[in-house]
There are 4 protein chains.
Amino acid sequence: MAEREQTSERELTAADFPVLWPVTTRWADNDMYGHLNNAVYYQLFDTAINGWIIGATGIDPVSAPAQGVVVESGCKYFRSVEFPHALTVGIRVARLGNSSVTYDLGLFDAEGDDATIAARGSWVHVYVDTDSRRPVGIPESIRELLTTAQTGDPS
Amino acid sequence: MAEREQTSERELTAADFPVLWPVTTRWADNDMYGHLNNAVYYQLFDTAINGWIIGATGIDPVSAPAQGVVVESGCKYFRSVEFPHALTVGIRVARLGNSSVTYDLGLFDAEGDDATIAARGSWVHVYVDTDSRRPVGIPESIRELLTTAQTGDPS
Amino acid sequence: MAEREQTSERELTAADFPVLWPVTTRWADNDMYGHLNNAVYYQLFDTAINGWIIGATGIDPVSAPAQGVVVESGCKYFRSVEFPHALTVGIRVARLGNSSVTYDLGLFDAEGDDATIAARGSWVHVYVDTDSRRPVGIPESIRELLTTAQTGDPS
Amino acid sequence: MAEREQTSERELTAADFPVLWPVTTRWADNDMYGHLNNAVYYQLFDTAINGWIIGATGIDPVSAPAQGVVVESGCKYFRSVEFPHALTVGIRVARLGNSSVTYDLGLFDAEGDDATIAARGSWVHVYVDTDSRRPVGIPESIRELLTTAQTGDPS
């Protein structure tokens, strides 16, 4: 049932995600209400996914023959976070196809006693040929990395 | 079936949305690939929803006794758009509850011959008491406005 | 004297700038204090300058053989502005060199009874060869446009 | 002479700044040219200054009786930086007045063999009463902190 699933989802912790990527907040991230603006969460997810991939594979996103293009994204916001707190993005590969990958993401405090999940994101990258913009297979070095973060849905 | 729905969804036009709100793009919106960064779409949706509500009701979002907080958002990206093109956000109220409202959003070119939908967004606002942060009924002037944008799902 | 100059500078109006470029604000632009974040002003200046140049010359900034690179920028903030107000950027070419151009910029309300200047910006673009990154002469079509906005310093 | 000063300025290193504050870059920071957009530098300066002050004094910028408002900022860009590199902002208090403080800022790579300065910023905060918006003396705990970063101009 929806209600049970949601309860469970809010109980996820950083330990449910195989990769943890540190991200930071900025003064300008806080909106009129003094909390991170909702669009910033997507900037943080994007930064964590690409930082992880670039750091591990050394691929240059601009000159590479294949690019990961976002075709769908989503986020559920459970509690507010704000500058100047440091945060952590949990990354899990939920589905790995031929040319696409679906990420399951969690946003957490980097430290401190509130270990609850602040937000849960979803993200679909489709790899396309840089010139023709047609879908291509995920580059091998990236695929190998992604398999290391494949775990079952924890919620 | 999923495939049929998706085909239909990509055939939405600006005429399927009861409210059309103009938004503009910025140099900094374009990312390394020369197109609008995926997080910018959410900034545009946010701007359209709030610009429409503030413009029509005169409510000041900071001092108002109730605030609309984003609890969920999502976007499907169909084709790229880029600075310096002007864009239009189509707004439809998909569901209107006691304290929450779900928006169905479409992103279109402001003008020009490509009338196809560039992206489709979803957005859930829950109204909370500014002080207690507990859900409250949607303020009456906002509810009245929202009812004017309630139409059936066109896709 | 500094004091007199400053007084004069704050008396500039939109009429002192030969080009007026409309820009809009976003929900996410407002910071914790409910006003446009200081870095957003630079996004607006950038958008006005590039929107004006691209619109008038048809040049594609990514594929063009020469690119305008920002080597210096600055802003004096006179009064706050905020979403959802529409704004206008006044553009004046203060100095036109062989490979560089210095802009004098003013930020104004798009409409309404407050005609005073909200901020004054400065901006230096140096044109470089896209491949070698070495300074080159300003492309001819851009130079022609820039000369149309050359006026004496009004302050 | 201008030329000598500029040469000297480009020779500044992190050692010339009494406070070093780590900042990170984001995917969305890179613009069409693959480098950090010029407005992002100001976000980083803002984040470093406020992160340093909030971290050391525990002051809450929203509820505090006095707020630091930016009245002037500027930046000279010496070389490009880009995501995913980590960066460091050097902070120096160049002038400390009754209600205003002028910062001298340097942007550097967080690590790696390029120790040269990437950009130099300037920043003026004026403290105002949160309610009346009139200038007030810099709060004592902040003033004490600022004096620890006062050094002579190294360039």
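A salt bridge is a side-chain nitrogen of Lys or Arg within 4 Å of a carboxyl oxygen of Asp or Glu. Between chain A and chain B the count is 0 salt bridges. The model is predicted: local features need pLDDT of at least 70, side-chain atom pairs count only at pLDDT 80 or more, and totals for chains, interfaces and linings use all residues. Residues are numbered from 1 along each chain as its sequence is written, chains are lettered from A and ligands numbered from 1 in the order in which they are written, and side-chain values use heavy atoms, with hydrogens and water left out.

The interface of chain A and chain B comes next. Here 21 residues of chain A are in contact (heavy atoms within 4.5 Å) with 21 residues of chain B. The two chains bury about 1,900 Å² between them. Buried area is the accessible area (1.4 Å probe) that two parts lose on being put together, summed over both. Carbon and sulfur atoms carry 53% of it. Y33(A), N38(A) and Y77(A) supply 28% of the area that chain A buries against chain B, more than any other three residues.

Polar contacts also cross this interface. The count is 13 residue pairs, both at pLDDT 80 or more. A polar contact is a pair of N or O atoms within 3.5 Å; within protein, one must be able to donate a hydrogen and the other to accept it, and residues adjacent in sequence count only if both atoms are side-chain atoms. Helix 2 (38-57) and strand 2 (66-77) of chain A each supply at least two residues of the side that touches chain B. Helices (H or I, at least four residues) and strands (E, at least two) are DSSP runs, numbered from the N terminus. Strand 2 of chain A gives the largest share, 10 residues.

That strand also pairs with strand 2 (residues 66-77) of chain B, in the antiparallel sense over 5 bridges. Pairing requires that DSSP finds at least two bridges between the strands. K76(A) stands opposite E72(B) in strand 2 of chain B.

Chain B also meets chain D. In this interface, 9 residues of chain B are in contact with 9 residues of chain D. The area buried is about 900 Å², of which carbon and sulfur atoms give 64%. The count here is 0 salt bridges. The rule finds 0 residue pairs in polar contact, both at pLDDT 80 or more.
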